[in-house]
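Dear colleague,

Please find below the structure that I am handing over to you.

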Amino acid sequence: MNKKLLAGTTAAMLLAGMLLAGCGAKDAGTNAAGGSGQAAGGAAKPEEKKQALTFRLADTHPPDYPTVLGDKKFAELVSQKTNGRIKIDVYPSSQLGEEKAVVEQVQLGAIEFTRVSTGVVADFSKAMGVFSLPYIFDNEAHEWKFLNSADGTKLLDSLSASKFIGLAYYDSGARNFYSRKPLKSIADLKGQKIRVIQNKINIDLMEALGASATPMPYGDVFSSLQTGVIDAAENNWPSYDTSNHYTVAKNLILDGHQRVPEVLMMSKVAFDKLSDEDKKIIKQAALDSVQYQRDEWKKFEKKSEEKIRAAGVTITEVTDAKPWQDKVKSVIDKYRADYKDVLDAIDKARK
Ligand code: GTR
């Protein structure tokens, strides 16, 4: 069975299981205690009254990928802080579906947690679109200075308007173009069919580069590159590596056009049902998992780069980003008014 079919089947089975169980989060405390949650033969102690909960967290990447390692660290911290009372099961490899479908389910409360690219969330929360604008961050330090600032937190908090609770940002490095066709300069992108994460800004960005954008789910990109449905795609080193795109699109140009952070988020529907204490534990555990995720990211990014460089991919370095920035400036101009405050805050974080 191919990966996609398997993912679809698994998702369908999980959904069927959920329907049979009658709910998403299981109240294990109530189930185990036969409906009362009370210790036999006496008044319930306060500890025993607390609900035991099991949640699901969806991630598109394979189990050893740094975002999934971050997810698992988060789940582990939540379990530790609640003495195992809140269990978060991590489902990697798109087992619960492709990102857009998962985000829709998180919005409805059918899946409680997900880790996704803010590029995907942009279609649900306009504010998150800012991260899909090209060349807004100079480097990792600049990006994280903003993400960790009060303005970065405000942006994360704004997700609640779209029925998500933004828990934390995770690292995702910089995105570069890669193609089946030669890709030695910006001019080579002209006329190429490039897969993008579905959002308006990405489509404008491809147009500015003279290319044509083909939005599609991440899981479809490999076969689309392999069969020539698309010429090119773009991503960071770890995704180019683990998706095996580097085996079919063997020309990479290190243009670093975007730094699109990942976001760990919870369904607001599920969050609102939690006690204040549990809300606090979940928020803190997410923040406490960030440094670990960033460390794992660094290690993995380096390993992926080494692997790809050794694999015979034709790699073009971009020593001068200016022509690239000039070419896509129209995109920033188009959206500047929409994102004025946050773009100003991002500029401020540069200093
Ligand atoms: C990756 C990101 C994924 C997914 C993917 C994509 O960098 O970690 O969540 O959004 O990009 O291009 O679809």
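The notes below cover the ligand, its surroundings and the cavities.

This is a predicted model, in which local features need pLDDT of at least 70 and side-chain atom pairs count only at pLDDT 80 or more, while totals for chains, interfaces and linings use all residues. Residues are numbered from 1 along each chain as its sequence is written, and side-chain values use heavy atoms, with hydrogens and water left out.

The ligand

The ligand is surrounded by 14 residues, where a residue counts as near if one of its heavy atoms lies within 4 Å of the molecule. The closest are H61, E99, R195, N235 and E262. By class, this shell comprises 2 nonpolar, 7 polar and 5 charged residues; Ala, Val, Leu, Ile, Met, Phe, Trp, Tyr, Cys and Pro count as nonpolar, Asp, Glu, Lys and Arg as charged, and the others, Gly among them, as polar.

Taken alone, the ligand exposes 320 Å², and the protein buries 99% of that (accessible areas by the Shrake-Rupley method with a 1.4 Å probe).

Both domain 1 (53-172 + 261-302) and domain 2 (175-259 + 311-350) give residues to the shell, so the ligand lies between them. The domain bounds come from an automatic or database domain assignment.

The cavities

There are 3 cavities of 30 Å³ or more in the structure. A cavity is a set of points, on a 1 Å grid over the protein atoms alone, where a 1.4 Å probe fits but cannot get out; its lining residues have an atom within 4 Å of a point. Volumes are the space filled by probe spheres set on the points, which are joined across faces, edges and corners.

The largest cavity is the space taken by the ligand, and its volume is about 130 Å³. Its lining consists of 15 residues, with H61, E99, S117, R175 and N235 nearest the centre.

The second largest cavity holds about 40 Å³ of space. Among the residues lining this second cavity are D59, T60, E99 and R115.

Notes: 1 Å grid on protein atoms, 1.4 Å probe; cavity = no way out; pocket = protein on both sides within 12 Å on 5 of 7 lines; lining within 4 Å. Sits in = over half its atoms within 2 Å of the grid points.
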